[in-house]
Amino acid sequence: MTGQPILVEVVRNEFVESVHRGCLVVTAPDGSVQFSAGDVTSPFFPRSANKPLQGVGMLRAGLGYDGADLALGCASHSGETGHVERVAAMLSGAGLDPAALACPPELPIGEDARRAADEPRKITMNCSGKHAAMLATCVANGWETDGYQEPDHPLQVQLAKTVEELTGESIAAVGVDGCSAPLFAFSPTGLARSFGRLVQAEPGTDERRVADAMRAHPWLVAGSGREDTRLMRAVPGLLAKSGAEGVLAFALGDGTACAIKIADGNKRALAPLAMAVLARLGIEAPEELSDLAHPPVLGGGQPQGELRVSWSAP
């Protein structure tokens, strides 16, 4: 992440207070690089932006989900009541309960749900939907559910193969994600290409089932007020998934795709960059997304500036 260009400036009263460096890449429907900024070929950890790829891998391994359950299996949910109840139903359908989850207990990431929570729980952790889907995949195959999050478990071996196929790259490193599941490193370009492949796949294929489920159920993918949800609701055909440490990937219905990584890990720079990329691609932002294009910088409770995209599209 060293040496990346400045992509977004934080401007307060016309004074540049902070900057966010990073990289972004846009790939054409055929997978070629349409334009980019910064180093987009070195491997990085995409964090939760890799969940749609893991979702494809689980379908290939025999997971029977479609629609809402599949969307939640690819989600970083806010921990709202509807999210938690559906995760519980997913576990029950596999003959399991929340104790089987390998993700750590956490408070919900949604602000309202977090305030209403009594204590951290595994099922309110934002990755519990993915873990429930992983457990259901194990049950469908007769695999041991204990240790399903270990890299050498048959489930994770299958997911790694799927990630390599969809990105077109070998996995450069394996880490442990915040939820305890394996995390695979590959390039931002590989991430963008993989999202393009999901939306362009033929209807009924595992890739397209994931894309269609997420686009049909954007609230389950994130939650109330979250950027992923708002983008997919407002831009027809858009598939979007963010990740921790300043990662966002999205694809238009025609297969044009984008991956963004903010070097300092601050997610606040993602939305204005995404809106700038969409504008460069000729997508006019709906009025309801205007706050994402120009997030305000507050002082005394009033706007005193904004996050300003300094990246200049070719």
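Trainee: Why does Ile 6 count as partly exposed?

Mentor: This is a predicted model, and in it Ile 6 has a relative accessibility of 31%. Buried would need under 20% and exposed over 50%, so at 31% Ile 6 counts as partly exposed. As for its place in the fold, Ile 6 lies in strand β1, residues 6-12.

Trainee: What makes Ile 6, Val 16 and Val 19 a nonpolar patch?

Mentor: A residue in a patch needs over 30% relative accessible area, and Ile 6 has 31%. Nonpolar side chains are then joined within 5 Å. Ile 6, Val 16 and Val 19 come out as one patch on the surface, with about 190 Å² of accessible area together.

Trainee: Let's move on to the cysteines. How many disulfides does the count come to?

Mentor: The count comes to 0 disulfides. Take Cys 23: the nearest cysteine sulfur belongs to Cys 258 and is 9.7 Å away. A disulfide needs two cysteine sulfur atoms within 2.5 Å, so at 9.7 Å Cys 23 is in no disulfide.

Trainee: Now the salt bridges. What makes Asp 177 and Arg 47 a salt bridge?

Mentor: The cut-off is 4 Å between a side-chain nitrogen of Lys or Arg and a carboxyl oxygen of Asp or Glu. For Asp 177 and Arg 47 the N to O distance is 2.7 Å, so the pair passes. Asp 177 sits in the loop between β4 and β5, and Arg 47 in the loop between β3 and α1, so the bridge ties together parts that are 130 residues apart in sequence.

Trainee: Why is Asp 177 called buried?

Mentor: Its relative accessible area is 7%, and anything under 20% is buried. The structure holds 13 salt bridges, and Asp 177 to Arg 47 is one of them.

Trainee: How do you know that Asp 212 forms a salt bridge with Arg 215?

Mentor: Their closest N and O atoms are 2.8 Å apart, which is within the 4 Å limit. Asp 212 also meets Arg 208 in a salt bridge, at 3.0 Å from N to O. Asp 212 and Arg 208 are both in helix α8, residues 206-216, and lie 4 residues apart, about one turn of the helix. Asp 212 and Arg 215 are 3 residues apart in α8, again about one helical turn. An α-helix has 3.6 residues a turn, so residues three or four places apart point the same way.

Trainee: Why is Asp 212 partly exposed?

Mentor: Its relative accessible area is 32%, between the 20% and 50% limits. Elsewhere, Arg 60, Glu 165 and Glu 207 are linked in a network of salt bridges.

Trainee: Which residues lie nearest the centre of the largest pocket?

Mentor: Ile 109, Arg 226, Glu 227, Ser 242 and Lys 267, out of 43 lining residues. Several elements give two or more residues to that lining, among them α4, α10, β6 and α11. The largest share, 4 residues, comes from α10. The space in this pocket is about 970 Å³.

Trainee: What makes α11 mostly covered?

Mentor: In α11, 8 of its 11 residues are buried, including Leu 270, Pro 272, Met 275 and Leu 278. Each of those has to be under 20% relative accessible area. Just after α11, Gly 282 takes a positive phi of about 85°.

Trainee: Which residue has a positive phi of about 95° although it is not a glycine?

Mentor: That's Ser 180, found in the loop between β4 and β5. Asn 13 is not a glycine either, and has a positive phi of about 50°. Asn 13 is found in the loop between β1 and β2.

Trainee: Last one: why does Glu 150 count as partly exposed?

Mentor: Its relative accessibility is 38%, which falls between 20% and 50%. Glu 150 lies in the loop between α5 and α6. Its C-alpha atom is 6.9 Å from that of Pro 182, although the two are 32 residues apart along the chain.

Technical notes:
Residues are numbered from 1 along each chain as its sequence is written. This is a predicted model: local features need pLDDT of at least 70, side-chain atom pairs count only at pLDDT 80 or more; totals for chains, interfaces and linings use all residues. Side-chain values use heavy atoms; hydrogens and water are left out. Patches are made of residues with over 30% relative accessible area and no salt bridge: like charges are joined within 9 Å, nonpolar side chains (Val, Leu, Ile, Met, Phe, Trp, Tyr) within 5 Å. Accessible areas come from the Shrake-Rupley method with a 1.4 Å probe; for residues, only the protein chains shown count as cover. Buried means under 20% relative accessible area, exposed over 50%, partly exposed in between (1.4 Å probe, protein chains only). On a 1 Å grid over the protein atoms alone, a cavity is a set of points where a 1.4 Å probe fits but cannot get out, and a pocket is an open set with protein on both sides within 12 Å along at least five of seven lines; lining residues have an atom within 4 Å of a point. Grid points are joined across faces, edges and corners, and a volume is the space filled by probe spheres set on the points.
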